[in-house]
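User: Could you walk me through a model I have open here? I'd like to go over a helix, a sheet and a single residue.

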Amino acid sequence: MTATLATTDCRRLRLRAQRLSAPVLTDATDAVATVCGLQAQDAAAAALGVRVRTQDVTAVDIQHALFDDRTLVRTWCMRGTLHLVATEDVPWLLAVFGPVFVARGRTRLADLGFVDADAESATGVLRDALVARGPLTRLELTETLQRAGFEFDPKGQATFHLLRRAVLSGVLCKVAPEAGQEAYHLLNEWVPLESPPDRTTCLAMLAQRYLAAYQPATLADFAAWSGLPMADVRQGWEAIETETTAVDVDGRELSILGDVASESLPEAEPTLRLLPAYDTYLLGYENRAHAVSAEDEHYIWPGGGLIRPTVISDGRAIATWKLDRSRVQPTVEVSPFSALSTPEERLLRAELTDLERFLDTSLAYQIDG
């Protein structure tokens with residue numbers, strides 16, 4: 001018989017799985033690994049995603065993890081988008097996502113004048129240049145391709161898509177900026193890598209890691225989060241079925257790892273968090289009704305692929321926020337969907353204070369309405 005789980009308990013379990021409630025972590029790399037990566041096309045937002053899941057970690061700590069300790073890497077994987085991932089996860093994540101999104105990118109590269117053979121040749125040119133010269137900026141790599149005889153608009157999208165393909169192929173990776181510019185190096189020169197398991201094992205690992213970070217969740221949620229073909233999604237999900245238990249939440253069947261009896265529910269203590277733009281708590285599910293009401297969705301998803309920074313209270317979105325750095329004193333502007341309660345205002349002030357600590361800067365606060 002399927003156990004029934006209250007909606008509030010479902011949210012609490014998801015908050016705990018996402019490390020958005022106690023117990024929090026104290027290491028940036030551990031936090032990123034625990035949630036199997038944070039979306040990072042906006043690097044600053046990804047850093048804020050680490051802050052909201054950790055205690056005492058600073059923005060400087062994340063830079064050290066990326067460019068000094070190299071325990072974090074920014075690479076393309078889930079949904080074919082940039083993510084911040086733990087270095088130890090890079091080999092098997094690329095083994096899963098690389099072939100899928102290299103294949104899906106062929107049409108766009110062909111439109112830009114690079115059929116598959118040309119794109120493969122360009123990857124070889126990029127590899128040889130990095131072997132010979134070490135880390136290079138995107139501009140330097142663009143010039144390298146042009147000197148090799150490839151004809152394309154250097155101000156267009158060709159370089160981006162060629163670099164993305166080379167990263168997904170496990171050849172290149174993003175590294176520390178050079179003179180303030182985006183830079184790349186050979187992946188196996190930047191970080192130590194182990195050979196990944198076979199694809200079947202990797203898909204099972206992905207399903208297990210997803211569910212650990214997002215449970216309770218469904219097969220459709222896993223598909224939406226990963227962006228993989230459904231054949232891969234089902235293969236990974238079915239591989240861990242013996243490790244999972246079904247739960248009923250509002251008439252929907254979801255899965256958790258282990259069993260409900262052994263999964264102690266988090267205590268019902270108030271939790272308020274400042275989620276960054278594109279946070280995985282909002283991206284990890286096909287159905288987002290657990291976090292955002294239908295009437296409030298347009299505040300968070302205004303269109304054009306944008307997902308605004310969001311304030312959640314006990315797992316429910318109650319406001320959007322932004323950090324305005326253009327003012328004399330940087331200012332956090334909070335736009336509540338309705339009036340905040342006194343406890344919510346108190347918790348919000350605590351979050352804003354922690355944001356100051358993380359950024360090591362003084363902030364002004366403005367609550368609209």
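Analyst: The chat below takes up these topics in turn. This is a predicted model, in which local features need pLDDT of at least 70 and side-chain atom pairs count only at pLDDT 80 or more, while totals for chains, interfaces and linings use all residues. Residues are numbered from 1 along each chain as its sequence is written, and side-chain values use heavy atoms, with hydrogens and water left out.

User: What span should helix 7 have, and how far apart are its end C-alpha atoms?

Analyst: Helix 7 covers residues 116-133, and its 18 residues should span 26 Å at 1.5 Å a residue, which agrees with end C-alpha atoms 26 Å apart. Helices here are DSSP runs of H or I with at least four residues, strands are E runs of at least two, and both are numbered from the N terminus; the expected span is 1.5 Å times one less than the number of residues.

User: And what comes after helix 7?

Analyst: Gly134 follows helix 7, with a positive phi near 80 degrees.

User: Switching to the sheet, in what order do the strands come?

Analyst: The order is 5-7-6 in an open sheet of 3 strands with antiparallel pairing, where two strands pair if DSSP finds at least two bridges between them. Strand 5 and strand 6 are at the edges with a single partner strand each, so one side of each has no neighbour in the sheet.

User: Last one: is Val249 buried or exposed?

Analyst: Val249 counts as buried because its relative accessibility is 7%; buried means under 20% relative accessible area, exposed over 50% and partly exposed in between, with a 1.4 Å probe and protein chains only.
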